[in-house]
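Here's a quick tour of a protein model, written for someone new to reading structures. Keep the 3D view open and find each residue as you go.

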Amino acid sequence: MIFWNIQSRTCRAWLSRVSLRQEPCFFSSVPPQPVPPLTQTLQGYLKALEPLLPPEELSHTRRMVQEFGRPGGLGPHLQEGLEKRARRTKNWISDWWVQWAYLESRQPLAVHSNPAISLPRRDFNDWRSQLVFASKLIAAVLDFKAKMHTGQLPVEYMRGKPLCMELYPLLFSSCRIPGPKHDYVAHHGNARRSPTHITVVRNYQFFQLEVYNSDGSRMTESQIRGQLLRIRSQSWKTDKEPMGILTSEHRHTWGEAYNRLLRDKLNQESVRMIETGLFSLCLDSPVLRISDEKYASRKAAQVLHGGGTFSNSGNRWFDKTLQFVVGEDGSWGLLYEQATAEGPPITNLLHHILEYCEKPDPKKAPLVPLPMPKKLYFHIDLDIKRDIEQAKQNLDILINDLDVNVFNFKRFGKELPKKHNLSPNSFIQVALQLAYYRVHNEVCPACDIASQRMFQGGRTEYIRSPTNQALKFILAFDDRSESREAKLQLFREAVDAYSDLTDQALKGHGIDHHLLGLKLQAIEEGLSIPKIFMDTAYGLATHWKLRTGQVTLPMSDHSVMCFGPLVPDGYAVCYNPQADHFHFSVTAFNCCEETNAETLARTLKNTLCDLQELLQPTV
C-alpha cells in the first residue's frame with residue numbers, strides 16, 4: 001500500500017475547515033483520545049498474531065517487535081511524536097484515519113466502501129404511495145435537522161459516558177469530491193447562505209427541490225408531495241444518460257472524468273447543486289422479485305448499488321454523504337459515505353424518521369404557489385459519453401461479482417447469551433470464527449468496529465479476532481473426545497476474551513489505530529517505514545478476511561446493514577441483534593473460488609444452533 005504525505009498544505013487546510021465547522025451545541029464535555037502505552041500495544045499485537053502464525057514466523061516477528069520497542073529505539077521515538085501530536089491537535093488519529101482509510105483509498109465507493117441499510121418493506125406497491133411515503137421521509141429528516149440546529153438533539157451516552165456529537169452537523173450538505181491521489185470532503189452546511197434544497201433522482205434524472213418556503217419555514221408534507229408529483233411528470237423515460245454511474249468508478253478514473261465534466265459551465269452548476277444539497281432522495285423502480293426467499297437479499301443489494309445499469313444504479317450519486325432510497329414496491333433504505341458519516345449517528349437519524357412516520361401530517365399546506373422543481377441538465381460530449389459507457393460496464397461487472405445473502409435467524413436472539421451472562425456481540429463474533437473455520441479449516445483476521453466517540457473528535461477503532469481462547473475453543477468444539485463441560489468452559493473463555501478486547505478498545509486502548517499512527521508518524525517525519533510494518537506478519541494481520549459490523553436498527557424485523565468485503569478473498573458479515581432473533585447479511589465476491597456467501601450463511605445458521613445446544617442441551 002502506498003502512503004502520501006497526508007499533512008500536505010491542501011489537506012491541512014481542508015482538515016482545519018472541517019474541525020472548525022462545528023456548531024457550539026455539539027461540543028460536549030468529552031476527554032481527548034489517549035495515545036495507548038507503546039509496550040501494551042506491541043504486546044497486544046504479538047498476542048493477536050499467535051492464533052494466525054506458525055511458531056517460526058512468530059519468533060521472527062517477535063524479535064522485530066522487540067527491536068522496534070526497545071528503550072531508545074525507533075518505537076519510543078515515534079511514540080513521543082504521537083504524544084506531542086495528541087497535545088497539539090483535537091484528536092491525534094481521527095484525521096489521519098479518515099484520510100488513510102477513506103480519502104486515499106482508490107477503490108470504488110459502491111460496494112467496497114459505502115454501507116447500505118435496508119429497512120422493512122412499507123405496505124404499498126404503487127407510485128402514488130411511494131411519493132406519499134417519500135414526502136413523509138423528507139419531512140422527517142428536515143425535522144431531525146431542525147432539532148439538531150436548535151440544540152434539541154439529546155447528547156448520546158454509551159456505558160454512562162457522553163459521546164462527541166460533532167459528526168451530526170456534517171451529515172447534511174456534504175459530499176466527497178474525487179481527486180487524482182486522494183479525495184476530500186466538501187461541507188457546505190455552514191456557508192453564509194446554507195443550502196435549502198435536496199436532490200431528487202428518478203429515472204436517472206436529477207432535480208433540485210427547494211424544501212423551505214420563502215419565509216424560512218419547512219415545507220409541509222403535502223407541499224413536498226405536490227413537488228414530487230411535478231418531478232414525476234418531468235421524468236417519465238429512462239432515455240437520459242445515467243450521470244450518477246460515473247460516481248461508482250475507481251476513484252482515480254472518476255477524478256479524471258470529474259475534471260472533464262466540470263469544464264462545461266452547465267455541468268458545473270448541476271454538479272454543484274447535487275454536492276451542496278442537504279441530502280439525496282432516490283425514487284427507484286421496483287426490485288425484481290424472483291422469490292420471497294431471495295427478496296430480502298435483492299432489496300439490500302438494491303440499496304447498496306442500485307441493482308445494475310438496467311435497474312436503478314443510475315439513480316445514485318455515490319459521493320453524497322446521505323442518500324435515501326424509496327422504491328415503488330415499498331422497498332426503502334439509506335446509503336451513506338463513511339468519510340463523514342458512521343453507523344450510530346445514522347441509526348439515530350433512522351430512529352427519528354421511523355417515529356416521525358407514525359405521526360399524522362402536523363401542518364396544513366399554505367396556499368402559496370411553489371416554483372417548479374429545477375431539472376439539472378448536463379452537456380455530454382463524446383469524452384463524457386465514453387466515460388459513462390466504461391463506468392456502466394465496470395459497475396455491472398462489480399455488481400455481478402458480489403453475492404449478497406440476507407437471512408433472519410429466528411431460533412433465538414440476544415436474550416439467550418445474556419441469560420448465560422455472555423455478551424451478545426462477543427457471542428456472535430466467536431460464532432463467526434467457528435463458522436469460518438468450519439468452511440475453510442482455518443481461522444482468519446477479522447475486524448469489528450468499536451466507537452471512539454467517547455473522545456473529542458473520535459471516530460472508530462477495530463476490535464480484532466481471533467484470540468488464543470477462540471482458537472482453543474474452535475479446535476475443541478467439533479472434537480468428539482472433548483466433554484460438553486470442557487467445551488462450555490472454553491466457549492465462555494473465548495467470549496470473555498473478546499469482551500475484554502472490546503473494553504480495551506472502548507477505553508481508547510485498541511492496537512490497530514495506534515500501530516497505524518506509529519507508521520504514519522514515521523512517514524510524517526520523513527523516515528523509512530519501520531520494519532515491523534514491512535513484515536509479512538503485518539500484511540497477514542491486516543488482510544481482513546472477515547469484515548464485520550453490529551448495528552442495532554429500529555423496526556427490527558428485516559432491518560439490516562450491508563456492505564462488501566474488504567479483500568477479494570474475504571467476507572463481510574453485518575448483524576442486527578434483537579431479543580428473539582438475529583438479522584444477518586453476508587457478502588462475498590463470486591470471482592474468488594474459495595469464498596461463498598451462501599455456504600458461510602448456511603454454516604453460520606448451523607453453528608448458532610450448535611451453540612444453543614451447547615448452552616441449553618435438549619437431551
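Let's start with Ser135, which is buried, because its relative accessible area is 0% and the cut-off for buried is under 20%. Ser135 sits in helix H6. Keep in mind as you look around that this is a predicted model.

- Who does Ser135 touch, once its neighbours within four places in sequence are left aside? The contacts are Glu221, Ile224, Arg225 and Leu228.
- Now jump to Gln429, which you'll find in helix H14, spanning residues 424–440.
- Gln429 has a relative accessible area of 2%, so this residue counts as buried too.
- Setting aside neighbours within four places in sequence, Gln429 makes contact with Asp448, Ser465, Tyr498, Thr548 and Tyr575.

**A cis peptide bond**

- Ser465, one of the contacts of Gln429, has something going on in its backbone: the peptide bond from Ser465 to Pro466 is cis, with omega near 10 degrees.
- Where is Pro466? Look in the loop between strand E14 (460–465) and helix H15 (468–477).

**How H6 meets H11**

- Helix H6 covers residues 127–149 and helix H11 covers residues 343–357; the two pack with their axes 9 Å apart, at an angle of about 125 degrees.
- That angle is why H6 is described as oblique to H11.
- The crossing of H6 past H11 is right-handed.
- On the H6 side, the contact is made by Phe133, Lys136, Leu137, Ala139, Ala140, Val141, Asp143, Phe144 and Lys147.
- On the H11 side, you'll see Asn348, Leu349, His352, Ile353, Tyr356 and Cys357.
- Sort the residues of this H6 and H11 contact by class and you get 10 nonpolar, two polar and three charged.

**How H2 meets H17**

- Here's another helix pair: H2 (residues 38–49) and H17 (residues 512–524) have axes that come within 10 Å and cross at roughly 115 degrees.
- Because of that angle, H2 counts as roughly perpendicular to H17.
- Leu38, Thr41, Leu42 and Tyr45 are the H2 residues in the contact, and they meet His514, Leu515 and Leu518 of H17.
- By class, the contact of H2 with H17 has five nonpolar residues, two polar ones and no charged ones.

**The nonpolar cores**

- A bit of background: in soluble globular proteins, nonpolar side chains tend to be buried together.
- How many residues are in the largest nonpolar core here? There are 54, and the ones with the most contacts inside the core are Leu228, Phe279, Leu322, Phe324 and Ile353.
- H6 is the biggest giver to this core, with 11 residues.
- Zoom in on Leu322 and, not counting residues up to four places away in sequence, you'll find Leu171, Phe172, Phe279, Ser280, Leu334, Leu335, Tyr336, Ile346 and Leu349 touching Leu322.
- There's also a second, separate core of 45 residues, with Phe427, Tyr436, Cys444 and Ala588 among them.

**Loop residues to look up**

- Ser173 has phi near 55 degrees, a positive value in a residue other than glycine.
- You'll find Ser173 in the loop between strand E3 (161–162) and strand E4 (174–177).
- Buried or exposed: which is Ser173? Its relative accessibility is 1%, so Ser173 counts as buried.
- Asn421 also has a positive phi, near 55 degrees, and isn't glycine.
- The loop holding Asn421 runs between helix H13 (415–419) and H14.
- With a relative accessible area of 68%, Asn421 is exposed.
- Gln234 belongs to the loop between helix H7 (221–233) and helix H8 (251–261).
- At 24% relative accessible area, Gln234 is partly exposed.
- Gln234 and Arg202 are 32 residues apart along the chain, and their C-alpha atoms are separated by 9.4 Å.
- Leaving out neighbours within four places in sequence, Gln234 is in contact with Gln205, Phe207, Met372, Pro373 and Lys375.

Conventions:
Residues numbered from 1 in each chain as written. Predicted model: local features only at pLDDT ≥ 70, side-chain atom pairs only at ≥ 80, totals over all residues. Heavy atoms only, no water. Axes fitted to C-alpha atoms, helices over the stretch in contact; angles between N-to-C directions. Helix = DSSP H or I, 4+ residues; strand = E, 2+ residues; numbered from the N terminus. Parallel < 35°, antiparallel > 145°, perpendicular 65-115°, else oblique. Left-handed = near helix turned anticlockwise from the far one by under 90°. Contact = heavy atoms within 4.5 Å. Nonpolar A, V, L, I, M, F, W, Y, C, P; charged D, E, K, R; others polar. Core = buried A, V, L, I, M, F, W, Y, C linked by side-chain atoms within 4.5 Å. Buried < 20%, exposed > 50% of the residue type's maximum accessible area, 1.4 Å probe, protein only.
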